[in-house]
Amino acid sequence: MTEMRQIVPSESSVLERVRTFRNLPGCYDVFDVRGDGSPAVIGVQYYVAYKCDTEHTPIRTYVTNRRDPYYRWLYGNNAVLGPVGKVTMRDVPVCRFNGRKAEEAETLSNVPLYEAPFEPETIQFYTVKPAPFDSDKGMELNRELRKVGAGHTLDRGKLLLN
């Protein structure tokens with residue numbers, strides 16, 4: 001994420017103008033991860049989901065680093081749970097792009113879920129002591145930190161520096 005942060009604009013108004021390719025919400029990312037001709041649904045061993053308000057601002061966590069509740073929230077009954085490396089997805093809609101537009105191309109059945117290990121950020125610059133990370137103040141701090149860069153006027157209150 002550190003590298004990703006450096007290539008995208010820090011201001012939301014500018015970031016909203018970046019043209020992106022996006023799958024339809026119901027489609028899964030499916031790749032031949034092992035290069036053996038077998039498709040797998042792409043996942044990651046990072047189990048955090050946020051509830052957002054009507055402006056898409058995170059306001060609290062649904063599930064925090066608990067695998068089974070996270071999969072039930074994300075996949076519903078479509079995931080046949082098991083140990084890491086043994087989860088199967090029952091129905092897997094797959095999109096393809098026609099120009100910039102994603103279209104559902106096919107539906108696969110009983111596809112394994114590839115759970116890439118979570119690699120925590122190795123650089124840590126701060127500890128949030130005045131507020132929990134998943135509180136309103138903690139989320140404001142993280143949103144403001146993501147904006148830090150040339151041309152951005154810092155909000156010292158959001159950075160908990162006042």
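In this predicted model, Val 30 has Val 41 of β2 as its bridge partner. β1 and β2 (residues 40-44) pair in the antiparallel sense over two bridges. Helices (H or I, at least four residues) and strands (E, at least two) are DSSP runs, numbered from the N terminus, and two strands pair if DSSP finds at least two bridges between them.

**Sheet and helix**
- Five strands form an open sheet with mixed pairing, in the order β1-β2-β7-β6-β5.
- The edge strands, each pairing on one side only, are β1 (30-31) and β5 (79-80).
- Helix α3 (residues 67-75) packs on the sheet and touches β2, β5, β6 (88-98) and β7 (101-116); contact means heavy atoms within 4.5 Å.
- The direction of α3 makes about 165 degrees with that of β7; axes are lines fitted to C-alpha atoms, for helices over the stretch in contact, and angles run from 0 to 180 degrees between N-to-C directions.

**Confidence and conventions**
- The protein averages a pLDDT (the predictor's confidence in each residue, from 0 to 100) of 85, and 91% of the residues score at least 70.
- Confidence is lowest in helix α1 (residues 2-7), at a mean of 66, and highest in β5, at 96.
- Residues are numbered from 1 along each chain as its sequence is written, and side-chain values use heavy atoms, leaving out hydrogens and water.
- Local features need pLDDT of at least 70 and side-chain atom pairs count only at pLDDT 80 or more, while totals for chains, interfaces and linings use all residues.
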